Amino acid sequence: MTTRPASLPHSRPRSSGSTAVVGTVTRGTTNPNRLRRMDRWIAAVHSAELRRAADPVAVDLGYGAAPWTAVELLTRLRTAAPCTRVVGIEIEPARVAAARPYEREGLAFRHGGFEVPVPGRPQLIRAANVLRQYDEEQVAEVWRRLCARLAPAGPGTRGGLLVEGTCDEIGRRHVWVALGPEGPRTVTFATRLGSLDRPSDLAERLPKALIHRNVPGEPVHSFLRDFDRAWAAAAPYASYGARQRWIRTVRDLTADWPVVDRSTRWRQGEVTLRWEALAPRV
C-alpha cells in the first residue's frame, strides 16, 4: 500500500459520505517471518507502553497480499504484552476478504489506508515496506498523518509508536525509523550478521526518507562510511564470529555517533541512533 497526502486525488471514499480511504494499491509482496527483526525490536522497546495501556491496539498497516505479518505480529507482541490486539489494514478489499478467515480473538482485518480506520488511538502502527513507492517529498505528510493517529503522551507514558521502514524479501536486512506523537525519534539498522559483507550493504534498505540522501554531504552517507571503516578496523574480531565483530564495530561508533541502545541489542545484529544525527539536510 502506498499513497499521497489526502488533498491529492489518490484519496477514495469507501462509500458516499464516508471518510476517504487514503492510498493506492501496491504489489502486496509478503513472506512469512519477513518482519521478525522489526517485531523483535518492537517487543523489546515498546512492550512496557503496550502493557500500560488499558486496551493496547497495534496496527499492521499495508500487510499485503497475505495476512502472515499481522498474524505473526500478534503472536510476538502477546509474548511481551498479553492483552495486545492487532488490526491489519489494507486498501485492497480483496486482500481484506482473503484475510478474514484468519481472524480470531485479538486479530481483525479492516479495509482502509493512512486514515487508519480503528476506534481511538492505537499504541502502535507498523508500516513496513509501505512507503517504498512514494516520492520522498511525500513522506513527511504521511508521517504527520500517522503520528496524529497515535495514542498521545501523558504522565508516565511516551505515547504510541510508529515504526516505518524497509526490508528485503526474506527479512535479512532492515532499516526503520521510529516515531512518536511528537515526530521521529530514532533510526535502527538490523541484519542477519552471517549475510553481511559490510554495513553499507544496508543502504539499499534505507527507508524512503533517507535512501536518496545516501550521497556525500548528507549525514546518513557519513554514518555508513564510518560504519564501514569501523567494521574494517574490527576485522580481527571476525575470528570470534560475526556477532563479536559487529559488537566491537558498534562500540567504536559510539565515540562519534549518538547510539542509543546497548550491547544486548547489538548482539541481535542491531544498532539504533537518534534521528537527528541522520536526518536529511534541508
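**Exercises: aromatic pairs and a pocket**

Searching the whole structure, a predicted model, turns up 10 aromatic pairs.

**Exercise 1.** Work out how the rings of Phe 189 and Phe 223 are arranged, and which parts the pair ties together.

*Solution.* Start with the geometry: the ring centres of Phe 189 and Phe 223 are 5.2 Å apart, and the planes meet at 40 degrees, so call this pair tilted. To count as stacked, the planes would have to be under 30 degrees apart, and for edge-to-face over 60. Next, place the residues: Phe 189 sits in strand β9 and Phe 223 in helix α6 (residues 219–233), so the pair links parts 34 residues apart in sequence. Finally, check accessibility: Phe 189 and Phe 223 are both buried.

**Exercise 2.** Follow Phe 223 to Phe 227 and find the aromatic cluster they belong to.

*Solution.* Phe 223 and Phe 227 make a tilted pair too, at 5.2 Å centre to centre with 50 degrees between the planes. These two are four residues apart in helix α6, which means about one helical turn separates them.

**Exercise 3.** Describe the lining of the second largest pocket.

*Solution.* First, the volume: the second largest pocket holds about 300 Å³ of space. Then the lining: 14 residues, with Trp 41, Val 45, Arg 158, Arg 185 and Thr 186 nearest the centre. Two or more lining residues come from each of α1 (36–52) and β9 (183–191), and α1 gives the most, with four. Sorted by class, the lining has five nonpolar, four polar and five charged residues.

Methods:
Residues are numbered from 1 along each chain as its sequence is written. This is a predicted model: local features need pLDDT of at least 70, side-chain atom pairs count only at pLDDT 80 or more; totals for chains, interfaces and linings use all residues. Side-chain values use heavy atoms; hydrogens and water are left out. On a 1 Å grid over the protein atoms alone, a cavity is a set of points where a 1.4 Å probe fits but cannot get out, and a pocket is an open set with protein on both sides within 12 Å along at least five of seven lines; lining residues have an atom within 4 Å of a point. Grid points are joined across faces, edges and corners, and a volume is the space filled by probe spheres set on the points. Ala, Val, Leu, Ile, Met, Phe, Trp, Tyr, Cys and Pro count as nonpolar, Asp, Glu, Lys and Arg as charged, and the others, Gly among them, as polar. Rings of Phe, Tyr and Trp (its six-membered ring) pair if their centres lie within 6.5 Å; planes under 30 degrees apart count as stacked, over 60 as edge-to-face and the rest as tilted. Buried means under 20% relative accessible area, exposed over 50%, partly exposed in between (1.4 Å probe, protein chains only).
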